[in-house]
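Dear colleague,

I am handing over the structure we spoke about, with the sequence alongside.

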Amino acid sequence: MNDFFANFDVSFPGFHLQTRLTIPKSGVTVLFGPSGSGKTTLLRCLAGLERSPKGLMQFGDTVWQDETQGIFVPVHERPIGLVFQEPRLFPHLSVRSNLLYGFKRIPVQERRIFLNDVVEILNIAHLLDRRPHFLSGGEAQRVAIGRALLTSPKLLLMDEPLASLDHQRKQEILPYIRRLQSKWGIPIIYISHSLEEILQLVDTLILLKAGRVVAEGPATEVFSKLELRGIINSEILGAIFDTRVIQHEPEFGLTRVQFMGHQLHVPGQEAKIGQSIRLHIHSNDVSIVTSPPDSRTSVLNILEATVMEVGSIDPAGYSVDIKLDVGQTLLATITRKSLKNLALEPGQKVYAHIKAIKMVHE
Amino acid sequence: MDFSNFDSAPIWLTLKLAGITVLLLLMVGTPIAWWLAHTRSRLRVFVEATVALPLVLPPTVLGFYLLIALGPEGWLGGPVKAATGSALSFTFTGLIIASTLYSLPFVVQPLHSTFEAVGKTPLETAWSLRASRWDAFLTVASPLALRGYITATVLGFAHTLGEFGVVLMVGGNIPGKTKVISIEIYDRVEVLEYTEAHILSGGLLLFSFLVLLTVYTINRRLPIHVT
């Protein structure tokens with residue numbers, strides 16, 4: 001079995017978490033949702049730090065929790081690595097002893113990840129003999145990630161591991177997390193608030209709201225659901241596309257990428273031909289034109305599209321979200337007035353004019 | 001100064017009593033303090049109040065109940081007398097039991113507050129790194145609670161050194177068996193032997209001060225800060 005199942009039902013005063021999840025045992029699964037939506041509680045249930053009275057959880061062929069049979073594998077017997085928002089290094093141990101704390105506690109035959117690998121991939125060799133007290137936030141968090149990895153986990157759970165770091169430190173650590181994936185293939189469940197982190201990491205997205213799963217699936221599908229309006233920050237409502245670099249146009253400072261037979265121009269990228277680039281197109285940056293494009297527009301990126309769905313109309317607001325099919329879903333936010341003027345209806349052929357694109361290298 | 005009258009037996013007896021009592025207190029006090037710091041049970045406040053009782057009760061009250069319990073007719077002394085031929089009142093063993101109860105809050109309270117300060121976070125981290133509960137307690141919680149252990153040990157020891165009322169009630173005044181420094185001082189003062197009383201009192205004063213000074217110095221320099 002390649003997936004794992006997690007059904008939980010936990011109540012706290014004023015909060016109820018109820019989930020039925022199937023999570024792929026590969027890649028990065030991001031838990032996303034407003035604060036108070038139950039992300040951390042869900043992660044704690046997965047780790048075994050919280051025991052849901054009605055819980056069922058199976059990791060591959062191993063049952064970690066089945067309350068109908070009274071099975072509950074305690075935290076220290078689960079092959080997981082946990083990384084928290086704060087590094088939580090042990091202050092009385094050196095960096096080296098912190099790193100080896102978990103490593104020493106797993107059976108020799110289960111050790112797949114060794115000190116040298118971790119030190120190299122996280123670039124922490126110069127820190128080994130220091131005390132945690134003398135590390136910067138970014139250094140301490142890298143050590144914390146290394147410490148979790150050294151237990152050779154079969155699943156890595158990360159609760160906003162970069163939230164306490166500034167932008168530069170984040171950019172420093174993100175590639176390491178991505179590299180862990182490609183090097184050891186450990187599935188990661190990752191809580192995040194930040195679009196930047198999500199774009200760089202996500203394979204599967206799980207959206208939580210008020211203790212319930214609102215949407216789950218491949219990021220490219222989940223991210224462009226109309227229902228996300230009001231759930232995720234409107235500044236990041238949009239669509240994600242996985243594209244490939246096909247050509248550079250250095251004379252214009254542009255790079256051309258391709259996805260599903262479409263081509264898009266993006267600002268010049270330092271990327272090889274064939275390299276994959278993930279794009280995020282904000283719904284506010286997409287306008288809809290009903291006539292075929294002619295040369296009288298400055299917009300370079302125009303995609304033929306079909307109207308799939310018109311989002312619910314808020315009489316108090318002025319805008320409406322339109323779901324378009326361009327081979328994959330694309331979201332456009334237009335005014336209610338434009339919707340009426342263009343008389344858009346599902347099935348209609350239109351052209352999506354894309355004014356801005358955000359890029360992330362894989 | 002004439003030292004021919006000076007008897008060092010009460011000093012050794014006192015140190016022995018305080019030493020054994022502190023060891024017992026750490027063994028008994030650690031699980032109680034741990035439970036108090038981590039439980040969500042409603043019984044917690046009752047246990048806290050019970051442990052704190054010796055702080056407010058007159059030593060004679062505690063001594064009186066202990067005298068009855070440890071005596072030949074008592075629920076503890078009775079069975080012991082049946083088994084060994086003598087009850088626990090007016091014995092060194094009786095003194096240890098009494099001192100342990102009397103000094104309990106001085107060990108439990110510092111441990112309780114350090115365990116609370118250390119909190120659950122380092123433990124959860126240790127569990128996630130494959131440490132069992134016992135392992136996490138020994139390798140993470142205990143080193144982080146070192147300050148609390150030092151404070152508890154010293155307070156427990158010093159407080160046992162200084163007790164008077166309970167010892168007098170339960171142990172009486174038997175030289176070499178139950179006559180500790182505080183009682184010896186009382187005896188000397190009663191018979192107006194102020195020189196001996198001075199030596200013992202001054203010694204106890206100086207010793208207690210030095211011990212406390214050492215503890216506060218160590219605590220300040222200890223590299224582990226729980227934040």
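This is a predicted model: local features need pLDDT of at least 70, side-chain atom pairs count only at pLDDT 80 or more; totals for chains, interfaces and linings use all residues.

Taken along the principal axes, the C-alpha atoms of chain B fill a box of roughly 65 × 45 × 30 Å.

As to the interface, 18 residues from chain B and 21 residues from chain A take part in the contact. The two chains bury about 1,800 Å² between them, and 62% of this area lies on carbon and sulfur atoms. Of the area that chain B buries against chain A, 43% is supplied by E124(B), L129(B) and R130(B), which is more than any other three residues supply.

On the polar side, six residue pairs in polar contact are counted between chain B and chain A, with both residues at pLDDT 80 or more, and the rule finds two salt bridges across this interface. In one salt bridge the side chain of D135(B) meets that of R105(A), at 2.6 Å from N to O. Both α6 (121-128) and α7 (133-144) of chain B supply at least two residues each to the side of chain B that touches chain A, and the largest share of that side, seven residues, comes from α6(B). Sorted by class, the side of chain B that touches chain A has ten nonpolar, five polar and three charged residues.

Turning to chain A, five of its strands form an open sheet with antiparallel pairing, in the order β16-β20-β17-β18-β19. Because β16 (286-289) and β19 (329-335) of chain A stand at the edges and have a single partner strand each, one side of each is left without a neighbour in the sheet. Neighbouring strands of this sheet are turned by 45° against each other on average, with direction ignored.

Within this part of chain A, strand β17 (residues 301-310) and strand β20 (residues 349-354) pair in the antiparallel sense over six bridges.

With best wishes

Notes:
Residues are numbered from 1 along each chain as its sequence is written. Chains are lettered from A and ligands numbered from 1 in the order in which they are written. Side-chain values use heavy atoms; hydrogens and water are left out. Contact means heavy atoms within 4.5 Å. Buried area is the accessible area (1.4 Å probe) that two parts lose on being put together, summed over both. A salt bridge is a side-chain nitrogen of Lys or Arg within 4 Å of a carboxyl oxygen of Asp or Glu. A polar contact is a pair of N or O atoms within 3.5 Å; within protein, one must be able to donate a hydrogen and the other to accept it, and residues adjacent in sequence count only if both atoms are side-chain atoms. Helices (H or I, at least four residues) and strands (E, at least two) are DSSP runs, numbered from the N terminus. Ala, Val, Leu, Ile, Met, Phe, Trp, Tyr, Cys and Pro count as nonpolar, Asp, Glu, Lys and Arg as charged, and the others, Gly among them, as polar. Two strands pair if DSSP finds at least two bridges between them. Axes are lines fitted to C-alpha atoms, for helices over the stretch in contact, and angles run from 0 to 180 degrees between N-to-C directions.
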